[in-house]
2 protein chains.
Amino acid sequence: MKCCFGVDIGGTTVKMGLFEESGAIIDKWEITTDTSDEGKAILPNIAASIEKKLGEHELDKEDILGIGAGVPAPVTADGVVNGSANLGWNYKEVKKELEELTGLRAEIGNDANVAALGEMWKGGGAGEKNMIMVTLGTGVGGGVIIDGKMLVGQNGAGGEIGHLCVNYEETDKCGCGNRGCLEQYASATGIVRLAKKKLGQDLRPTCLNKEDVTAKDVFDAVKEGDEIAKKIAAEFGTYLGHALANLAAVTDPAVFVIGGGVSKAGEVLISYIQKPYMERAFFANQNVRFTLATLGNDAGICGAAKLVIDKA
Amino acid sequence: MKCCFGVDIGGTTVKMGLFEESGAIIDKWEITTDTSDEGKAILPNIAASIEKKLGEHELDKEDILGIGAGVPAPVTADGVVNGSANLGWNYKEVKKELEELTGLRAEIGNDANVAALGEMWKGGGAGEKNMIMVTLGTGVGGGVIIDGKMLVGQNGAGGEIGHLCVNYEETDKCGCGNRGCLEQYASATGIVRLAKKKLGQDLRPTCLNKEDVTAKDVFDAVKEGDEIAKKIAAEFGTYLGHALANLAAVTDPAVFVIGGGVSKAGEVLISYIQKPYMERAFFANQNVRFTLATLGNDAGICGAAKLVIDKA
């Protein structure tokens, strides 16, 4: 049985895992991301950490299939990044550099796409080959898996579902410069935005406090039966459900896997997404399942390991 | 050099081609589609036609890579159709039946997806591996090519871009039962619908006649400088351009190839699509090219041939 490394490079920490080819996690650890000096130490630090683990586990490089890594940036099919604000990188040939530093084969992907691959392998999408992962965090990220493979695209920017336009009448700007992006309604920040608007307009009694409302507060209040919170959740769900219906018409998935901090609200979240989805889904896409992500912070390292296993 | 057959099965005729592996067309012909009795003669007729051509060209089955075929229905990854209204078929194992009838390997795909593959191979998308074909005909069809392969999806319904919802306020119904589908604005029939509405509201002088206006009339009038026609074209282009911007955020293509009867209007069509696209495209998708399809009715047989060559 061969092994491989799965690496999830974030702006604060690099999460790392040593996997058996079967998917079993042998070891899991993290190192700090050193973003100083255009992040030039990040890959050498990863390489050093891998060398150390090989020693600890008495493994030879012949026992290792390679290293998979997820990066917070678009990554082209040949493992090149054209800049990552979170890591301080400009143009970087990540695959080539990591291979030269370690003497191991490396496969690189966008972190959201890689996390989707992880959820397909061992998480909410296990058993499926056509899957869409939607990550509802500070922003809205996503990954599209078609026939078991990540949809990478021409510039490595496939699966940017947070920037689907869902409201052409929106006047507020999204971080990307456009107006009406899904992220403005379905991210944690987007839900707060919807809540503040609603709380300013609808003066019925509610347990929500306009000044410091969070996405978690909204779904907690939904579970308590709060009518205003239900309206906010319904607005969130309508934008997201309609966007997913459009996504399905293009990609025809078997399952949507919902992850990210907002998904901690649990099954109630899915009920708010599924109803508007069904109102708008093309008939061929009405049997799609909705499920919650199950791997949490491990999705990235798992998907990175799968990436290198698939190409071995 | 081996050869293969490319077959495009339509509701009226079956177009067929004999190809060299390199892409050169050796022969091209068509037979009538016999849709009587649940279309049970369609595949046997194709098999007989192939046998005859093998004799005419003095080819042995060993010289043939296989048969590719496009079908007007969703086709699963294993070559099964769950019904095709145009052909009279119910559930049919098309790949299996065609292989048994001919003794040759067969690969089956949805006709719109297969046509997209053809345009990537030898047409408007030549040289690219990430491409979206948009077919503006009686309806709006499409095919998404990712990394050189058709996006098939779980039910064979990938690339149904005519049924992206682009207007949640629409009150008229689309043929699919939903409201606000792209097809209601960007197909030949959709353009006529927009034109009739506009001609009923805007009473400025125009060369267009509300009673018998066609999509071709609209673009002919645009070329003559007709102001009303320009407004109709702009409305068409806004719906289509915005829909393509959303498509690009998910699939990150290098090129959009515009085909179908409406595309005979030529380059002027692209100018009306590209401007609203650029207004809404995610920054990573702003370098995408727009081009016209070049293969016309041969796209289907070419793509079908490519389908079997790729899997050989």
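**Ring tour**

Start by selecting B:F283, which is exposed at 58% relative accessible area (exposed is over 50%, buried under 20%, partly exposed in between, with a 1.4 Å probe and protein chains only). This is a predicted model, where local features need pLDDT of at least 70, side-chain atom pairs count only at pLDDT 80 or more, and totals for chains, interfaces and linings use all residues. Residues are numbered from 1 along each chain as its sequence is written, chains are lettered from A and ligands numbered from 1 in the order written, and side-chain values use heavy atoms, leaving out hydrogens and water.

B:F282 and B:F283 make a tilted aromatic pair, 4.5 Å between centres and 40° between planes. Here, Phe, Tyr and Trp rings (for Trp, the six-membered one) pair if their centres lie within 6.5 Å; planes under 30 degrees apart are stacked, over 60 edge-to-face, the rest tilted.

Over all chains there are 16 aromatic pairs. In one of them, A:F219 and A:F236, the centres are 5.6 Å apart and the planes at 80°, so the pair is edge-to-face. A:F219 is buried at 2%, and A:F236 is buried at 0%.

Next, pick A:F256, A:Y277 and A:F290: they form one aromatic cluster.

**Charges over rings**

Select A:K92, which lies over the face of A:W89, 5.4 Å from the ring centre. Over in chain B, the charged end of B:R193 sits over the ring of B:Y185, 5.1 Å from its centre. The test is NZ of Lys or CZ of Arg within 6 Å of the ring centre and within 35 degrees of the ring normal.

**Zoom out**
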